[in-house]
Amino acid sequence: MTPKRLLLVGGGHAHIEVLRRFAAAPPPDVTTTLVSATPGTLYSGMLPGVIAGHYALADATIDLAPLAQAAGAQFVADPVVRLDLYIRIAHLASGTVAPFDVLSLDVGSAPDVTVPGAGAHAVGVKPFAEFLAAWEVLQIDAAAERVRTVAVVGGGAGGIEVLLAMQYRLVATLGPHPPRFVLVTELPHLLALHARAVRRTLGKVLVARDVVLELASPALAVEAGAIVTTGGRRIAADRIFMATTAVGAPWLAASGLECDDRGFVYVDDCLQSVALPFVFAAGDCASPLSHAQPKSGVNAVRHGPPLAANLLHAARGTPPEPFVPGRHALALISTGDRQAVASRGLLTAAGAWVWRWKDRIDRRFVARYRIAGGG
């Protein structure tokens, strides 16, 4: 039999687990190609630590080429710009094409620029490479006293972690009078997906660090130097970062995939496209029909093992296996200063020991994918 052509688009957390499993047990009946816009994957759980200066960028990055090589896969560093699902070809930015029999998408999310002015006057926390470049510029400008106020839009765990990490790093480098930080959210309270005790704990941290909380303040527009909220009120900021729910890469829906209203690919319990059985999606770019999931690194990591199994089922023509995520995922939310808050369901804990626990988990995760000389 001719081996089936499996195309993995994106080097996200689910796909690196697929590659790790293929490296441990190479499937003889599948030829695999990984196409990624970037040569490495930054583990999202370590992003706040990179911002705060606890890790070098290399500590948190998984090199994709060695991992692909260990899995017997071809690696192509070139972003996909369009899919032709009728003839099963992915069109790459360079003008080349990548054919496939089975397609898997793990491309994360794109900045939401539907807020007027956000594309011109704000930077999304995702994709990470663009955010980190803006963060480097901010540090230089803050040292030159060209930045007085930094605003983060989004009251979830990701926005809080990024804000506290930036503030910690600037205090460490500039002294006790860094730029003022503002956290803006449309909701009446922070951390809508977490227990009340977690909200209280992190709320106290933010207040103790003089972070200005702008609750129930939807970002209706972004201008140069300000966020426009209800009633035309303007929240002044010299730098604005968007940590709100992102959107799917535009080429996903444009290629004819069935997507939700934010452009994420609808999938069933097998992580299989509801419209096209030879297409799978995982991580942030997937929108499960039967169970809503927050866009998080934890959930993307959970997708890896069932995705690996079901891609082989699809290649071999055998029935896929449903995946049901656990009800509560453990979240370890860092607060910038080598402290962290643990959140799982109604349970919470906080302190330096939680950060040390998180540090061990994160380092082990990255080390798992550094094989065959990678990283």
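**Ground rules**

I worked on a predicted model, where local features need pLDDT of at least 70, side-chain atom pairs count only at pLDDT 80 or more, and totals for chains, interfaces and linings use all residues. I numbered residues from 1 along each chain as its sequence is written, and side-chain values use heavy atoms, with hydrogens and water left out.

**Entry 1: strand β9**

I started at β9, residues 102-105. Strands here are DSSP runs of E with at least two residues, helices are runs of H or I with at least four, and both are numbered from the N terminus. Which strands pair with β9? I found β1 (residues 4-9) joined to β9 by four bridges, running parallel. β19 is joined to β9 by three bridges, also parallel. Two strands pair if DSSP finds at least two bridges between them.

I then followed L103. In β19, L103 has V279 as its bridge partner.

Next I looked at the side chains. In a regular strand they alternate between the two faces of the sheet. In β9, V102 and S104 point one way, and L103 and L105 point the other way. All four are buried. Buried means under 20% relative accessible area, exposed means over 50%, and partly exposed lies in between (1.4 Å probe, protein chains only).

**Entry 2: T33**

I moved to T33, in strand β2 (residues 30-36). Is T33 buried or exposed? T33 counts as buried, at 17% relative accessibility. I listed its contacts, leaving aside neighbours within four places in sequence. They are L6, L7, L8, Q74 and V76. Contact means heavy atoms within 4.5 Å.

**Entry 3: a three-stranded sheet**

I looked up an open sheet with the strand order β6-β7-β8 and antiparallel pairing.

I checked one pairing in detail. Three bridges join β7 (residues 89-92) to β8, and the two run antiparallel. I89 has P99 in β8 as its bridge partner.

Two packed helices are described by the angle between their axes and the distance between the axes. Axes are lines fitted to C-alpha atoms, for helices over the stretch in contact, and angles run from 0 to 180 degrees between N-to-C directions.

I read α5 (residues 128-143) and α6 (residues 157-174) as packing at about 35 degrees, with axes 11 Å apart. α5 passes α6 in a right-handed crossing. A crossing is right-handed if the near helix is turned clockwise from the far one by less than a right angle, and left-handed if anticlockwise.

From α5, the contact uses F131, W135, L138, Q139, A142 and A143. From α6, it uses V162, M166, R169, L170 and L174. By class, I noted nine nonpolar, one polar and one charged residues. Ala, Val, Leu, Ile, Met, Phe, Trp, Tyr, Cys and Pro count as nonpolar, Asp, Glu, Lys and Arg as charged, and the others, Gly among them, as polar.

**Entry 4: α6 against α7**

α6 and α7 (residues 196-208) pack at about 30 degrees, with axes 12 Å apart. That makes α6 roughly parallel to α7; the term covers angles under 35 degrees. This crossing is left-handed. I160, L163 and L164 of α6 meet L202, V205 and L206 of α7. This contact has six nonpolar, no polar and no charged residues.

**Entry 5: loop residues**

I checked the peptide bond from K126 to P127. It is cis, with omega near -5 degrees. P127 sits in the loop between β10 (123-124) and α5.

Where does D210 lie? I placed D210 in the loop between α7 and β13 (212-214). Its phi is near 60 degrees, a positive value in a residue other than glycine. D210 counts as exposed, at 62% relative accessibility.

L271 is in the loop between β18 (265-267) and β19 (279-281). Its phi is near 65 degrees, again positive in a residue other than glycine. L271 is buried, with a relative accessible area of 2%.

Last, I looked at A58, in the loop between α2 (47-52) and β4 (61-63). A58 is exposed, at 54% relative accessible area. The C-alpha atoms of A58 and L42 are separated by 8.6 Å, and the two residues are 16 residues apart along the chain.

Key: Angles under 35 degrees count as roughly parallel, over 145 as roughly antiparallel, 65 to 115 as roughly perpendicular and the rest as oblique.
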